[in-house]
Amino acid sequence: MVRYIIKRILLLIPILLGVSAIIFALKTVTPGDPARQILGNQATEEQVAEKREELGLNDPVIVQYVKYIVGVCHGDFGESYRTGEPVLSEIVPRLGTSAKITLGAVAIGAILGVLLGIISALKKYTWVDSLVLVISMFFQSVPEFVVALVLIMIFAVSLHILPASGIDSAKGYIMPMLTVGLASIASYTRITRSSMLEVLGEDYIRTARAKGQTEGNITYHHALRNTMIPVAQSIGTSLGNSLGGGMVLETVFSVPGVGKYIVDAITARNYPSVLGGALMIAIILVVINLLVDISFVLIDPRLKTTIISGGSKKTKKAKAA
Amino acid sequence: MSDKILSIKDLVIHYETDEEVVEAVNNITLEIGRGQVLGLVGETGAGKTTTALGIMGLLPARVGHVIQGSIELEGSDLLKMSAREMRSIRGKKISMIFQDPMTALNPVKTVGDQIAEVVLLHNKCSKAEALKRAQDMLAMVGIVPERYKDYPHQFSGGMKQRIVIAIALACEPDLLIADEPTTALDVTIQAQILDMMRKLQKEHGTSMILITHDLGVVAEMCDHCAVMYAGEIVEYGTTEQVFDNPKHPYTRALYKSIPSLDKDVERLEVIHGMVCDPSDLPTYCSFCDRCTEKKGICAKGDPKVVEVEAGHTAKCFQYAKEWEGK
Ligand SMILES: Nc1ncnc2c1ncn2[C@@H]1O[C@H](COP(=O)(O)OP(=O)(O)OP(=O)(O)O)[C@@H](O)[C@H]1O
Ligand SMILES: [Mg+2]
């Protein structure tokens, strides 16, 4: 198990090198001078040249890149051009904010989605099944920002029970979480429903019935865990997606998360911040994927032998009498 | 108490899908004596599994329907029972071993838990006692009891089948339905499993329906034998009667199609043609199109079941009065 985890963490290295290389390449081809951007239009040419020298922008790109990577290895993601603060200390609190929203949203989406999926699988081909399908498709097909605006209209503008933007109080988290959560219900419902239907048709469910087990216990004890295998996979994916893809949402609700941080940094050509944000998200995605894979092993004992090769191999021989 | 544990009368089972109605079981009548083993033979699609699922009340929901008939277990009709009553019978009074051991076990539960489950359902006992019973059952079917903590994928096919048998026998059922318990296994394991089943059946006095398409297995294990064809029982009798004096042309054809060591035949005879499509059965004898002994009358009507000797029946016009001369 430990060896497997270490192997997966080592995989981070090529991924991070790739991500940073791409962003570095973008930096060299986009027009505009970051030094000029920082100093503003009033600054003289000498001042700009001095700034360029200070930021190391005159070095060949490859040298800049290597310097940056060496820095990252020491936990130094550079300083934000805009504020002069270390990027890392700017990102970490924002990451916390984004993580809260993401976790809340995934929890809302997964809990509601899985429940609806189970209900529609158990009531397949009835009006309940169709109703669930319509509701979840509705939330999936309406774009997130529309849902966001409608929620703002209802809860902030008309009812005045939630703030329209910002996260000054815990209430501020509710609408962003709902927006992302509602949008993801449909995919959880669909995955859960089809997975559940497939599992309920398996022979071992019939075996359980042949034992005299009740339908409730069959669903709960025999079907649910097997059903959750593909669902866990999609929870992992959507955790990653909404963490990295919170840009529109965080902008709409003015939530100071990583998504908004990156959007702002891109507009300001604040490369250290863009790079730092992107690398951070890449690291988190890899870690989440690792956690998802580990949770698979907890759900499905068959994987213990296949995924984690090199683990302790039990040699048990059955003595057939 | 009657000496029959199970009696099936005029049972008809259909599978009804959007496109077609499959007449899988057509008017079968069968009895199984207490402590006896009945062999149910027939080629693929004959309706053997369907009959078994009908007895268990486990026909696929919405699709499988019992159209008519009765299935009496010790005098009470299973078809009239509530879902709750059926649950108390399944696993306790009637158990079933399914056709494919590879998929019959839940991959995410330990085998010990899966055996203990049926014990807990039908006995007032603690989880620990049930697990103890599970280990005893494993030992009984020849698996090291300590392996109760292992998952199904850690066992071989033959061992999985033993575990499935352990589940089926854990509550000492009165009637065991074994649906081709060995077809998925290789020949040496087959013999072991059958030996074990026969031993357990004798020890516990369990009545058994053994479904197979292997006549050798029937000869070895069964007291009575029922031959199924296109959802009907075309011949029924004691194993000796049916083997020594087969009355139905289909049974005779079956014998000719199995290899035998002591007869020196050039080549095996095959039964020509295909089983008729159960969604489009003929109104006349369903074996007529493949029968080598048929006469004109066979294509005109459906033969009745005739008792050809005491306890030996065949569904064929040869034993009807109309046969002579036509
Ligand atoms: N769920 C189902 N829906 C529709 N038709 C079915 C279904 N299950 C079985 N049938 C049909 O019913 C008929 C009898 O099937 P059954 O499984 O009882 O045969 P069998 O005698 O057990 O065959 P085998 O030896 O292959 O197991 C077949 O024609 C089959 O195609
Ligand atoms: Mg079958």
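In the predicted model, His14(B) has Glu23(B) of strand S2(B) as its bridge partner. The two strands concerned, S1 (residues 4-16) of chain B and S2(B), run antiparallel and are joined by nine bridges. They belong to an open sheet of four strands in chain B, ordered S2-S1-S4-S5 and paired in the antiparallel sense. Strand S2 (21-33) and strand S5 (76-77) of chain B are the edge strands of this sheet, each pairing on one side only. Helix H1 (residues 48-56) of chain B lies across S1, S2 and strand S4 (64-73) of chain B, and the helix runs at about 110° to S1(B).

Chain B also holds an open sheet of eight strands, in the order S6-S7-S8-S3-S9-S10-S12-S11, and here the pairing is mixed. The edges are taken by strand S6 (94-97) and strand S11 (305-309) of chain B; each has a single partner strand, so one side of each is left without a neighbour in the sheet. On average, and with direction ignored, neighbouring strands of this sheet are turned by 20° against each other. At one end of the order, S11(B) pairs with strand S12 (residues 312-315) of chain B over four bridges, in the antiparallel sense. Within this region, Glu307(B) stands opposite Thr313(B) of S12(B).

The crossing of H3(B) past H5(B) is right-handed. On the side of H3(B), the contact is made by Val111(B), Gln114(B), Ile115(B) and Val118(B), and on the side of H5(B) by Ile163(B), Ala166(B) and Ile167(B). Sorted by class, these comprise six nonpolar residues, one polar residue and no charged residues.

In chain A, helix H6 (residues 87-122) packs against helix H9 (residues 174-200), with the axes 6 Å apart and an angle of about 35° between the helices. H6(A) and H9(A) cross in a right-handed manner. Their contact has 20 nonpolar, nine polar and two charged residues.

H6(A) has another contact, with helix H13 (residues 258-267) of chain A; the axes of these helices come within 8 Å and cross at roughly 135°. H6(A) and H13(A) are therefore oblique to each other. Val87(A), Glu90(A), Ile91(A), Arg94(A), Leu95(A) and Ser98(A) of H6(A) make this contact with Val258(A), Gly259(A) and Tyr261(A) of H13(A). By class, the contact of H6(A) with H13(A) has five nonpolar, two polar and two charged residues.

The confidence of the prediction was examined for each chain. Chain B has a mean pLDDT of 89, and 95% of its residues reach 70 or more. In this chain, confidence is highest in H3(B), at a mean of 96, and lowest in helix H6 (residues 187-204) of chain B, at 85. Chain A averages a pLDDT of 83, with 94% of the residues scoring at least 70. The model as a whole scores ipTM 0.89 and pTM 0.80.

Technical notes
Residues numbered from 1 in each chain as written. Chains lettered and ligands numbered in written order. Predicted model: local features only at pLDDT ≥ 70, side-chain atom pairs only at ≥ 80, totals over all residues. Heavy atoms only, no water. Left-handed = near helix turned anticlockwise from the far one by under 90°. Contact = heavy atoms within 4.5 Å. Nonpolar A, V, L, I, M, F, W, Y, C, P; charged D, E, K, R; others polar. pLDDT = per-residue confidence, 0-100. Pairing = 2+ DSSP bridges. Axes fitted to C-alpha atoms, helices over the stretch in contact; angles between N-to-C directions. Parallel < 35°, antiparallel > 145°, perpendicular 65-115°, else oblique.
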